Amino acid sequence: MKTSQPDAGGHFGDFGGKYIPETLMPAVAELEECYFDAKNDPEFMNTLAHFLKNYVGRPTPLTFASRLSDFLGIKIYLKREDLAHTGAHKINAALAQGLLAKRMGKRRVIAETGAGQHGVATATVCALLDLDCVIYMGEEDILRQSLNVFRMKLLGAEVRAVDSGSRTLKDATNEAIRDWVTNVRDTYYIIGSVVGPHPYPMMVRDFQSIIGKEAREQILTEIGQLPSICLACVGGGSNAIGLFYPFLEDDVRLIGIEAAGQGLNAKHAATISKGSPGILHGARSFLLQDNWGQVIEAHSISAGLDYPGVGPEHSWLKVNERAEYYSITDLEALEGLKLLSETEGIIPALETSHAVAFLSKIASELNSDDVVILNVSGRGDKDMSTVANTLGVADGS
Amino acid sequence: MNFSSDLNTSDRISEMFRKLKNESRPALIPFVPAGWPEFDATIDIVKTVEKAGADAIELGLPFSDPLADGVTNQNAYYEAIQQGTNTSTVLETVSLLRKEGIEFPIIVMGYFNPIFTYGSARWVKDAKEAGVDALIVVDLPPGESNELESAAKNSGLHLIYLVAPTSNPERLRHVANYASGFLYCVSLTGTTGARSELSSELPDFIHRVSEYVDLPLAIGFGISERKHVEEVGKLADAAIIGSAFVRTISEASLEERSIEIVKFIRQMKGEDSDFS
Ligand SMILES: Cc1ncc(COP(=O)(O)O)c(C=O)c1O
């Protein structure tokens, strides 16, 4: 297993690359140059570290989940990205990219969002750094994540509703790219996950890998050994790769959980489990598509996982068998949400709930001394109306 | 710089530009998605386009996520897919067009995923057999797909690359190394869609491009009026008209469609009495 990926063209094995209109090619080259330059600039890295500590609230805790551990008969540690400012891991990469936008002299920022967490994180960073902010969001997601829409507007962002296609994350991304193609000279596109053309998958991974870096140090300090499993949900894959990356060379199982939606034979978003290689949004990766290469609309109860693509590095980890990918249905995820809420007093995002549900499903196959780090990618406030509508408010009370 | 001329001296694309040299006007190339507005509409549309005096046709290979296209083409692609248009039916249509005696160049324009899924080498082989002369892949910059590039080169199918107003000398040099047939100059930074004015940067941009490339230049994106075609004629060798043509077709009733197409093309060529 080599961590030197991607190659100079942004390829993780056969995956990744830059499949974008020529208009954008100079922009991604400029971004790559600026990113490498910033990474080697102590002043930039100090500024980032300063904001991560004093604004985002890092390091986030690694919480031993004692009641859940007892209940499932394994040792479970929770990496608490839900406690990061704005309530999810998305702020890590949004903040760093906001600083890059500043460094590149771009006044205007655009972003796509599904669950609204990336949109909120981006709007927050733009308020902090005094940047103009436009967020693209599918109409379907605007309905189911209305709390986050309200937050974005309060933060001074303009939220543009996208009514094409499935009216979810895929279409919001199409629209953001169209904006980018049009305004590329003065606009920075803050992509919310490890997707898109090179250098985004690499760059967002690097920014998110602070999750795994902290978790690795914390677990070593806490119990003096590495975990046996690192577990995270996978939409585009940024919180998962952020946790996995610092453990790639270790003898640790890396498990990503996709959304099985209404079931793998019905509508779902299990891209790696059920998709095939294809090209979407600037990169080659696994993709949900029909026999003719038309992208299939995904489905998940969780807006952040409702995406027919996945980051190219995950596809590469999958074909190299370095990471494992499984899926969890909408209904199982709701059970996961209740389980973590009731045992630990932590209401996780519906995205995270997929990973929780998977853990409870496989716990009986694990040993009592197995140690699992579960990435709590975000908190569940944004999902309360969806959960209430599905479970019934009475059930939640 | 390019390998098309030595490999393929008598292909339809080169022939078209050679003939136009004497006419001192740009080639007029309308774009329409294949399998649209009705699944079987393409044969009649292309016949009419050729008869009306256009110099080539660009057929859109529909894709579910056309991220370089504006709303007009997005909607047309969506409808075409709903009606069952796919990579195979597009090639069958081209085959049929050739059987029906269509002589002018047929250029397929699309996004990479449908071609990748079909198999790049297989697509090139089948397209060549069907009678396709050139392929434009909007989201495939030169150098990203060896398989498609070498298949196209070996079979003499022109892979048409694009340059944009944002292209710097480094990119122009890179693209020029791969270009074949002609170069597609995107007139503006943006998506497809009819505009009322051409970009004021256009002359400068085209001037920069011609320093690096000595292939024929086509200009596309945003062209919607006769005066745009005239401007293009002063700068380049071909005008590609997409959304404005798509809109003309979608606004015409089925009975009037042929008449409207002829009117549109004659008007763009300046043959309409109002414009001559
Ligand atoms: C809380 C939370 N977790 C996970 C995700 C999925 O994204 P990724 O797979 O990039 O971590 C999202 C996306 O919106 C999210 O908000």
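Pro199(A) sits in the loop of chain A that runs between strand E8 (187–189) and helix H9 (200–208), with helices (H or I, at least four residues) and strands (E, at least two) taken as DSSP runs numbered from the N terminus. The bond joining His198(A) to Pro199(A) is a cis peptide, with omega about 10°. This is a predicted model, in which local features need pLDDT of at least 70, side-chain atom pairs count only at pLDDT 80 or more, and totals for chains, interfaces and linings use all residues. Residues are numbered from 1 along each chain as its sequence is written, chains are lettered from A and ligands numbered from 1 in the order in which they are written, and side-chain values use heavy atoms, leaving out hydrogens and water.

Chain B has a cis bond as well: Trp36(B) and Pro37(B) are joined by a cis peptide with omega about 0°. Pro37(B) belongs to the loop between strand E1 (27–33) and helix H3 (42–52) of chain B.

Why do such spots get a mention? Most peptide bonds are trans, and most residues other than glycine have a negative phi.

On the phi side, Asp130(A), not a glycine, shows a positive value of about 60°. Its place is the loop between helix H5 (117–129) and strand E6 (132–138) of chain A. Asp130(A) is exposed, at 53% relative accessible area; exposed means over 50%, buried under 20%, and partly exposed in between (1.4 Å probe, protein chains only). His281(A), also a residue other than glycine, has a positive phi near 50°.
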